[in-house]
Amino acid sequence: LLNYNHEVKAFGLRAGKINNVNIDTELLPYDDIDTVTLYLNPLRQKAYYDYIIGLQPKRVIFNPGTENPEFYHLLQQNNIAFEEACTLLLLGTGQY
């Protein structure tokens, strides 16, 4: 994402830093989130449904292995677009 000039906020179970991006371990109330890209399996996503919906992103990308019809339904109810796609492929083909 950084290589394609997108601002990045990262969340993980362990704090750290990747390419000067801090990995937050606390769910912070970010503003103006365009896209949430998921790398969590559907069972682990449940704990984050309300948080992600509360961010009001324009869309959520479900990377391979993260597909989740239950969450799709909740996103639709909240007028948040979603797609099943590989973020890296979207970036590489100019479709992000």
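1. How much volume does the largest pocket have? About 1,300 Å³. A pocket here is an open set of points on a 1 Å grid over the protein atoms alone, with protein on both sides within 12 Å along at least five of seven lines, for a 1.4 Å probe. Grid points are joined across faces, edges and corners, and the volume is the space filled by probe spheres set on the points.

2. Before you go further, keep in mind that this is a predicted model, in which local features need pLDDT of at least 70, side-chain atom pairs count only at pLDDT 80 or more, and totals for chains, interfaces and linings use all residues. Residues are numbered from 1 along each chain as its sequence is written, and side-chain values use heavy atoms, with hydrogens and water left out.

3. The largest share, 4 residues, is from E4. Helices (H or I, at least four residues) and strands (E, at least two) are DSSP runs, numbered from the N terminus.

4. Now for the aromatic rings. Searching the whole structure turns up 6 aromatic pairs. Tyr49 and Phe71 make a stacked pair, because their ring centres are 4.3 Å apart and their planes sit at 25°. Tyr49 belongs to helix H2 and Phe71 to helix H3 (residues 69-77), so this pair ties together parts 22 residues apart in sequence. Both Tyr49 and Phe71 are buried. For the cut-offs: rings of Phe, Tyr and Trp (its six-membered ring) pair if their centres lie within 6.5 Å, and planes under 30 degrees apart count as stacked, over 60 as edge-to-face and the rest as tilted. As for burial, buried means under 20% relative accessible area, exposed over 50%, and partly exposed in between (1.4 Å probe, protein chains only).

5. Another pair is Phe62 with Tyr72. Their ring centres are 4.8 Å apart with planes at 80°, so these two meet edge-to-face. Phe62 is in strand E5 (residues 59-62) and Tyr72 in helix H3, 10 residues apart, and the pair links distant parts of the chain. Phe62 and Tyr72 are both buried.

6. Setting aside neighbours within four places in sequence, Phe71 is in contact (heavy atoms within 4.5 Å) with Leu38, Gln45, Tyr49, Ile52, Ile53 and Phe62. Phe11, on the other hand, is 60 residues from Phe71 in sequence and 19 Å away in space, C-alpha to C-alpha.

7. Check out Asn68 too, in the loop between E5 and H3. Is Asn68 buried or exposed? Asn68 counts as buried, because its relative accessibility is 4%. Not counting residues up to four places away in sequence, Asn68 touches Pro42, Gln45, Tyr49 and Phe62.

8. There is also a charge over a ring to find. The charged end of Arg59 sits over the ring of Tyr96, 4.5 Å from the ring centre. That label needs NZ of Lys or CZ of Arg within 6 Å of the ring centre and within 35 degrees of the ring normal.

9. Finally, some residues on the outside. Asn20, in the loop between strand E2 (16-18) and E3, has a positive phi of about 65° although it is not a glycine. At 69% relative accessibility, Asn20 is exposed. Asp32 lies in the loop between E3 and E4, and its phi is near 55°, again a positive value in a residue other than glycine. Asp32 is exposed as well, with a relative accessible area of 79%.

Methods. 1 Å grid on protein atoms, 1.4 Å probe; cavity = no way out; pocket = protein on both sides within 12 Å on 5 of 7 lines; lining within 4 Å.
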